[in-house]
Amino acid sequence: MSIYDQKSLWEESVSAVTATPSEDIGTHRYFGGNEYIYGYNAGGDANQNRIVILTAATGYSFVVTYVTGTGAVLDKGNTVLGVTQNATIAAGYYGWICTRGWVDVAASGSSVVAIAAGDALINGLDGFVRSYTFTSEVTAAIAKGIIGYAAQTTTTTGVGAMRFYLR
Amino acid sequence: MSDYDYKQVSEESVSAVTATPTVDLGTQRVYGGNVYTYGYNAGIVDATQYTPVLIATGSTGYSFTGYWTYTDGTYIPAPNFFGVVKHATITAGSYGWVATRGFVDVMAATGIPDVVAGDAIAIGATAGRCKAATFTSYITQLIQNRYFGHAMQSQGHTDSTTGHFTTYIR
């Protein structure tokens, strides 16, 4: 085969979670068709398949829990970094956040409509994803941004992982 | 820190600005948690530090401009956001690295509401300046002039070059 590129060598899995950093914060990496960025959990435990958001201007520190609301809310501070695709990242630990590609994420529980395959998705409460289907949410959707499109259908009470493509 | 991976070796700083290209246009590079794309300032003005740049009109590649005419409340051809000049002024007719993802500092325009941490940030009316994309009346406009990042800090509106604030480009 001709040589058209150079591949990277990694000694750590993208599911690795450590108490001390094994990479520089902000390191980018590609694995299995997905992009990952290395970051620090500055909040509570971030369970697997949750959306995490950036918390500070100083770098790739993230949290999974944040205060927001459903409906026509122009949420503040919901800067999505990505999804804990491979493992739970405990509070105060370092790990790889999937920032692009195919991910599984938990859907919001009650108070939102069911998610249908193809729905535009925005980040919801506490690391869950929810469908952007409400006309009254136009402003919120613009401000927060569509983070991907559902590849599967789930229900309002669905808490299991749901497949979607994170843009 | 232990060596856990094979990193690239670059012979040029991301703040380098040159009259002739040192790498191929469009080359992408990751440094300090940011992604940079190498481009050419095809505009008529220097692209100063902390300013966003747009893909130059009619460009077939990674040529950009730091100058645009834009009036709030009116529709204009979509200003194709390219990235932000993060480290050093890229003079007109020169080549340099533009931050296209990650943490950047930008400046707010005058005459707009203060920027609050978490606000979506879009291209502002004044070339080189930005604004918070939170105005209901701007919704239609913002679909065309889509925001490019979110403010990680609050910032009073000012045209001062010292009034820059950190924005994250996802």
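## Nonpolar core

The largest nonpolar core of this predicted model has 75 residues. Those with the most contacts inside this core are Val52(A), Leu81(A) and Ile97(A), together with Val98(B) and Ile121(B). The element that gives the most to the core is strand β7 of chain B, spanning residues 95-107, with eight residues.

## Surroundings of Ile121(B)

Ile121(B) is one of the core residues with the most contacts. Leaving aside residues up to four places away in sequence, Ile121(B) touches Cys130(B), Ala132(B) and Ala133(B), as well as Tyr147(B), Phe148(B), Gly149(B), His150(B) and Ala151(B). Val106(B) and Thr167(B) complete the list of residues that Ile121(B) touches.

## Chain A

Chain A has 167 residues, of which 40% count as buried. The secondary structure of chain A consists of one helix and 11 strands. From the N terminus on, the order of elements in chain A is β-β-β-β-β-β-β-β-β-α-β-β.

For chain A, contacts with a sequence separation of 6 or more were also examined: 60% of them are between residues 24 or more positions apart.

## Chain B

In chain B, buried residues make up 42% of the 170 residues. One helix and 11 strands form the secondary structure of chain B, and the elements run β-β-β-β-β-β-β-β-β-α-β-β from the N terminus on.

Among the contacts in chain B that link residues at least 6 apart in sequence, 58% join residues at least 24 apart.

Definitions and conventions. Residues numbered from 1 in each chain as written. Chains lettered and ligands numbered in written order. Predicted model: local features only at pLDDT ≥ 70, side-chain atom pairs only at ≥ 80, totals over all residues. Core = buried A, V, L, I, M, F, W, Y, C linked by C-beta atoms within 7 Å. Buried ≥ 20, exposed ≤ 12 C-beta atoms within 10 Å, placed from the backbone. Helix = DSSP H or I, 4+ residues; strand = E, 2+ residues; numbered from the N terminus. Contact = placed C-beta atoms within 7 Å.
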